[in-house]
Amino acid sequence: TPTDMDAFDVRMHSAVLQNLTITMDMATNGGRMSMSGQFMSGYKPVIEDSALAGIATPTAFQKGIFDATTRTINGVAVTMKSFSMTISNPATRVGHQGASGETDGYVRGGEFEITGTCSVKLDEATHAFQALWQAGTAMPIVLGDGSNFSITIPKARLQGFNNDMSDEGVFVEIPWKATTGTHASATALATIVMT
């Protein structure tokens with residue numbers, strides 16, 4: 001019954017976000033941005049009536065791929081069908097404490113990485129990305145509306161150039177990985193603005 005469900009809800013405490021994926025696709029949800037993530041906790045969940053409720057005033061942020069009036073790869077304007085990026089910052093539990101063996105702490109010793117993929121219309125300009133991928137050239141990927149919504153990857157290294165023969169036309173899927181350039185320069189992996 002609903003009362004039983006409310007009395008036995010589950011609350012994860014001291015949870016750590018392992019990864020966050022941001023996706024936008026013209027054919028899904030009107031091109032609106034979606035996010036999903038993976039949480040982990042080194043503590044037992046609390047099963048109780050925690051009286052949790054949704055927020056009273058939800059945020060009105062509803063931007064998506066159609067709002068990005070700027071969509072460029074290496075400064076070249078592209079027709080983008082989809083965009084996805086995953087930010088990974090994995091944590092591992094360290095030690096144990098207490099009678100229940102819960103974690104003593106977390107460490108984030110793994111690689112912090114940002115990877116993604118985008119599908120763009122294959123034309124003369126985007127066909128040139130194949131040679132840049134093969135040469136290992138770092139290039140910027142930029143999406144944004146010029147004011148309060150933007151995703152910028154300053155030095156993306158393309159990881160492939162895969163044909164995408166969809167019903168909508170001839171596209172190419174371009175997987176990428178954000179880098180900080182040569183000699184560990186201080187350039188940010190990505191800048192994300194959502195206001």
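I started at Met12, which sits in the loop between β1 (9-11) and β2 (16-25); strands here are DSSP E runs of at least two residues, numbered from the N terminus. Before going on, I noted that this is a predicted model, where local features need pLDDT of at least 70, side-chain atom pairs count only at pLDDT 80 or more, and totals for chains, interfaces and linings use all residues. Residues are numbered from 1 along each chain as its sequence is written, and side-chain values use heavy atoms, leaving out hydrogens and water.

I then looked at backbone angles. Most residues other than glycine have a negative phi. Ser14, also in the β1 to β2 loop, has a positive phi near 55°. Ser14 is partly exposed, at 39%. Asn74 turned up with a positive phi near 55° too, in the loop between β5 (70-73) and β6 (76-77).

Next, the inside. Which residues have the most contacts within the largest nonpolar core? I got Ile73, Phe83 and Trp176, in a core of 29 residues (buried Ala, Val, Leu, Ile, Met, Phe, Trp, Tyr and Cys joined through side-chain atoms within 4.5 Å). The largest share of this core, 5 residues, comes from β12.

Last, I listed what Phe83 touches (heavy atoms within 4.5 Å). Leaving out residues up to four places away in sequence, its contacts include Ile22, Met24, Cys118, Leu143 and Trp176.

Key: Helix = DSSP H or I, 4+ residues; strand = E, 2+ residues; numbered from the N terminus. Buried < 20%, exposed > 50% of the residue type's maximum accessible area, 1.4 Å probe, protein only.
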